[in-house]
Amino acid sequence: MKYLDEYRSPEAVETLLKEIHKTVTRKWTIMEVCGGQTHSLVKNGLIGMLPKLVTMVHGPGCPVCVTPQSLIDKAVWLAEEKRVILCSFGDMIRVPGTRKSLLEAKSGGADVRILYSPLEAVNIAQQNPDKEVVFFAVGFETTAPANALSVIHAQRAGISNYSILTSHVLVPPAIEAIVNDEGNVVQGFLAAGHVCTIMGMDAYKPLVQKYKLPIVVTGFEPVDLLHGILMLLQQLEKGEYKLENQYSRVVHPDGNAAARKTIDTVFEVTDREWRGIAVIPNSGYELKNTYSAYDANCKFDIPEAAAEADNGCMAGEILRGKMKPFECPHFGKTCNPLNPLGAPMVSSEGACAAYYHFHQATEAVPA
Amino acid sequence: MAPSNNNSKGFQLSCPMPKFDFDAINLGHGSGGILSQRLLNSGVFDVLKNDLLNTRHDGAVFDLQGKVAFSTDSYVVSPLFFAGGNIGDLAINGTVNDLAMCGAMARYLSLSFILEEGLPMTQFWEILQTIRQAADHAGVQIVTGDTKVVERGKGDGIFINTSGIGIVHAQAALGWAALQPGDKVILNAPIAAHGIAIMSQRSGLDFETDVVSDTAPVHKAVEALLDAFGSNIHFLRDATRGGLASVTNEIAGDGKVGIELWQKAIPVAEQVAGACEMLGLDPLYVANEGVFVAIVAANMANDACALLQSKGWPQACIAGEVNAAHKGQVLLRSAIGGRRVVNMLPGEQLPRIC
C-alpha cells in the first residue's frame, strides 16, 4: 500500500537501527505519548531491536485509559435508560466502570451501538425521533473536530434528540504534568503525530523552553518511530532541546485551521480528571454554554457516581511511565483482557493490552 | 479484488420463484399444517430434490463404506446477503469444509432452518437457490431437514444448521500426534476477505469496497493433497471465526507445538489490507470462509504448495513453520524482522477511536 509500505520497509528499518546504535553512548529514557505508537512499537517487535541503553516508557496517550470510572458509570447509567441509544467507539465498551462495563450493560438489554463516526450517531438520532441518542465523545484533540462537527450538524438539521457525553483530554498539559511529577524519569518525548495534525506544534514550544525538553512530533509506522527516536537521541546526546517534526508528511506546523475552528466553535478548555493520574488544570474540553442543549450532562439528571474503588490497578504508574506493564503484580494474573482491573488492559491503545497481546521477550531475529 | 479460486460460479440464479399465496414467512409455516406443506412442497423439496430427500421420510437411509466423519455447524450471519454470497453458501461450504478438515469428502448433509416471522419469501427463495447451487458445486446431497418458524423479533431473519457426513480419505492420517517440528504451515488462499466483505455491509459502516467473501468449498483441494501426499499431510484446520491467528493458536495449544508465522509470506489482498488499516483491524484475526491451514511435512511442502496452485488456488503459500522451541505459543516474524506473540483474542475485534 502506497504511503504505508515505504514506512514499513525492512531496509529503512535496518538503516535507522544502525544509526541509532551508532548514536547512543549513554542511558536514555524516552516516552512515546500516544497509545497507537506504543502498540506499533510492541507489535512490530521494535523495542527488542533498540540498544539496551535506550528505555522506552509508554505515555498516557490512550483516551480510553485516562477516562475516569465515574464517567463510564455515567455512560452505563445513560445506556440503561430505556429511551436512550448510547453510541460509542468500540474501545470504550469493555472498560469496567465501578458497577459494570458498557458491554455488560448491552448484554443486559441496553441499546449500546459501536460506531466509527459520531456523524453516524446523528443519523441514528434522525431515524429514531422517539429516542434520545447520546454519543460517548472520548478522545484527544484528534477526535474533537468530528465530535464538534456532530453537534454542529445536529443543530443545523434541527435535531434535538442528540447529545454528547464529553471526556476530551489534551496532550500538552499531560506532558507538563508528567515532567513536573516527582521522580519523573522521562528525558525526551515522542509527541503524538495525529494530535499535532489537528493542533499544530505551537503548544509544545513553551514546554521545550521551560523544561529544556527535547520533543519530536512522530508518526506511527516502524520507520516513523525509529526515525523519531533517532532524532530525539541525537538531541539528547548533543545536550540540545528542540521541537522537531518527524511526521512532516502529515503534520503542518500550524495544524489544520478548519478543524481547530470547529473545535473552538463548540468546545472550551476545562480542568479534567485523568484516571489514575490527577485532575490536571486546563487539560480537557467541555461543551460551551451555548451548546448545552447537546450536553448529556445538562440534558439528563445523571446521578453522581460512587467513588472509585481501589482494586489494585497500577494504571496511574504505568501511564506516567513509572512502571512497565509486566512489572505490575496483577499483569496477566488477576488482570487480563477478560477480567481487566483497568482500562489499559482492554483498550486497543492501552500499554498493558499491547504487552499482553504482543510482547514476549522481544528479541530481534534476522529478517 | 476477488480472490481467484474455485469459488467462481459459472452461472447465475435463474430459477424463477413459483407463485406463493404469501409474500413473507409467518408462524403458520412452522405449524406442520397446510401452510407448512405449501412451503415445503413448492419451495424446499422442489428446489433441493434428490432420490433420498424425495422419500420425504423422517430421516434418510443409505449405505456407506469406509471410515466416516460427522460434523455440524450453525450459521447466524448478519447481513444475510453480502458481496460474494449469502448465508446459504456458508451453510453448505462451512460443513463441507469442516468435514474436509477431518480428511473426509462430504457426501450427505442435513439442513435445518429457523425462520423469523416476516422473512420475505423472495429472500428465502434466493437462499434456497444458493443452497442448491452450493450443494451441486460441492457434490453433496441434502437428504434430510427441518423448518421451524419463530416470532418476529426472536430471530435474525434466518438461522441455518447443517450437519454432514463424509467418507474419510483412505490415506488420511491427520491428528495432533502427526505434528512434527519443522513441518510447514501452508495457506491455500489470501486471508481476511470474508470478514471485510461482511463488515463493509453492516449498518453504521458505510464504506465502499469491491472485496467479496472468499466462501468456497475446499474439499477438492484437500482430496488432491491427500491423494498426492497421504500421511505427509499432518494436520488441517479451516481458518474461519477468529481468523488465522486463532486457528494457529488452537493448533499450537492442543498440539503442544510452537508455530512461527511469517508476516511477509501471508497473502492479504491489497483492498482487504487497506480496509483493515482503515478499520483498525488485524487481518490475522479477521474471519475467512474458504481458507484452510495445512500442516505438511517439510520435505513435501513446496510440492504441496505447487499442487494447490495448480488446482485453482494460485496464491497458496508456505506461511510459517512448526517448532519445538515455544510450545503452545504462536509467534509472528514481522515484515521488518521483529518477533511478537500472536495471542487468542478475548472477544471480537472492536473498532478503535483513532
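The domain bounds used on this tour come from an automatic or database domain assignment. For chain B, that assignment gives domain 1 (27-168) and domain 2 (176-342). Keep in mind that you're looking at a predicted model.

**Stop 1: the two domains of chain B**

Colour the two domains of chain B separately. Their C-alpha centres lie 28 Å apart. Where they touch, domain 1 of chain B puts in 19 residues and domain 2 of chain B puts in 22 residues.

**Stop 2: a four-stranded sheet in chain B**

Now pick out β1, β6, β4 and β5 of chain B. In that order they make an open sheet of four strands, and the pairing is mixed. Which strands are at the edges? They are β1 (68-75) and β5 (141-150) of chain B, and each of them pairs on one side only. Leaving direction aside, neighbouring strands here are turned by 15 degrees against each other on average.

Next, zoom in on β4 (residues 104-116) and β6 (residues 158-168) of chain B. These two strands run antiparallel and are joined by eleven bridges.

**Stop 3: a seven-stranded sheet in chain B**

Stay in chain B and select β7 to β13. You'll get an open sheet of seven strands with mixed pairing, in the order β8-β10-β7-β11-β9-β12-β13. Strands β8 (233-238) and β13 (339-342) of chain B each have a single partner strand, so one side of each has no neighbour in the sheet. From one strand to the next, the twist averages 25 degrees.

At the β13(B) end, look at the partner β12 (residues 330-333) of chain B. The two pair in the antiparallel sense over four bridges.

**Stop 4: helices α2 and α15 of chain A**

Switch to chain A and show α2 (residues 35-43) with α15 (residues 351-358). Their axes are 9 Å apart and the helices pack at an angle of about 15 degrees. That makes α2(A) roughly parallel to α15(A), and the crossing is right-handed.

From α2(A) come Thr38(A), His39(A), Val42(A) and Lys43(A), and from α15(A) come Ala351(A), Ala353(A), Ala354(A), Tyr355(A) and Phe358(A). By type, this contact has six nonpolar, two polar and one charged residue.

**Stop 5: helices α6 and α7 of chain A**

What does α6(A) bring to the contact? Pro118(A), Leu119(A) and Val122(A), which meet Ala146(A), Asn147(A), Leu149(A), Ser150(A), His153(A) and Ala154(A) in α7(A). Colour these by type and you'll get six nonpolar, three polar and no charged residues.

How values were computed:
Residues are numbered from 1 along each chain as its sequence is written. Chains are lettered from A and ligands numbered from 1 in the order in which they are written. This is a predicted model: local features need pLDDT of at least 70, side-chain atom pairs count only at pLDDT 80 or more; totals for chains, interfaces and linings use all residues. Side-chain values use heavy atoms; hydrogens and water are left out. Axes are lines fitted to C-alpha atoms, for helices over the stretch in contact, and angles run from 0 to 180 degrees between N-to-C directions. Angles under 35 degrees count as roughly parallel, over 145 as roughly antiparallel, 65 to 115 as roughly perpendicular and the rest as oblique. A crossing is left-handed if the near helix is turned anticlockwise from the far one by less than a right angle, and right-handed if clockwise. Contact means heavy atoms within 4.5 Å. Ala, Val, Leu, Ile, Met, Phe, Trp, Tyr, Cys and Pro count as nonpolar, Asp, Glu, Lys and Arg as charged, and the others, Gly among them, as polar. Two strands pair if DSSP finds at least two bridges between them.
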